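Visitor: Could you walk me through this structure and tell me what lies behind each label you use?
Guide: Gladly; here it is.

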Amino acid sequence: MNNNTGVNPNEVISPKRRLDASTLRVWVEEEHFSIATFKWDGDEYRAGIRWNGKDGSRGYPTSRCRPTWFIIPSAVALEYIEKICSAEQVEEFKSIRFGNNFK
């Protein structure tokens with residue numbers, strides 16, 4: 001991704017009290033949006049999506065002027081990954097321990 005066009009998704013670590021930045025993994029960087037996984041509220045992983053913006057914007061969502069992630073409900077997170085990622089990435093994604101694991 002060209003970091004001059006918007007926010008680098010690897011640097012979106014807010015809110016710090018809820019998102020464990022050491023677990024952030026960006027799976028998809030397509031055009032101006034990204035999908036990532038991270039530990040949220042302690043021990044369970046969640047998937048998030050965001051529009052990274054362009055022309056220097058902060059993208060969406062934001063909170064208090066800081067870029068954040070929109071949490072994708074676990075029930076549909078796998079469907080997002082299956083449509084966008086390689087088969088190998090899909091299998092790796094399935095191995096992550098999500099809250100309300102998908103079946």
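Predicted model: local features only at pLDDT ≥ 70, side-chain atom pairs only at ≥ 80, totals over all residues.

Visitor: What makes up the secondary structure of the chain?
Guide: Two helices and six strands, in the order β-β-β-β-β-β-α-α along the sequence. Helices (H or I, at least four residues) and strands (E, at least two) are DSSP runs, numbered from the N terminus.

Visitor: Why is Leu-78 called buried?
Guide: Buried means under 20% relative accessible area, exposed over 50%, and partly exposed in between (1.4 Å probe, protein chains only). Leu-78 has a relative accessible area of 12%, so this residue is buried. Leu-78 belongs to helix α1 (residues 74-84). Buried residues amount to 40% of the 103 residues in the chain.

Visitor: How do you know that Glu-92 and Arg-25 form a salt bridge?
Guide: A salt bridge is a side-chain nitrogen of Lys or Arg within 4 Å of a carboxyl oxygen of Asp or Glu. Here the N to O distance is 2.4 Å, and the side chains of Glu-92 and Arg-25 meet in a salt bridge. Glu-92 lies in helix α2 (residues 87-94) and Arg-25 in strand β1 (residues 19-30), so the pair ties together parts that are 67 residues apart in sequence.

Visitor: Why do both partners count as partly exposed?
Guide: Glu-92 has 36% relative accessibility, so Glu-92 counts as partly exposed. Arg-25, at 30%, therefore counts as partly exposed too.

Visitor: What makes Arg-46 and Glu-44 a salt bridge, and is Arg-46 buried or exposed?
Guide: Their side chains meet at 3.7 Å, N to O. Arg-46 is buried, because its relative accessible area is 17%. Glu-44, at 25%, is partly exposed.

Visitor: Which residues gather in a patch of positive charge on the surface?
Guide: Lys-16, Arg-17, Arg-64 and Arg-66. Patch residues have over 30% relative accessible area and no salt bridge; like charges are joined within 9 Å, nonpolar side chains (Val, Leu, Ile, Met, Phe, Trp, Tyr) within 5 Å.

Methods
Residues numbered from 1 in each chain as written. Heavy atoms only, no water. Areas by Shrake-Rupley, 256 points an atom, 1.4 Å probe, with all protein chains shown as cover. Lys, Arg positive; Asp, Glu negative; His and termini not counted. Charge placed at Lys NZ, Arg CZ, Asp CG, Glu CD.
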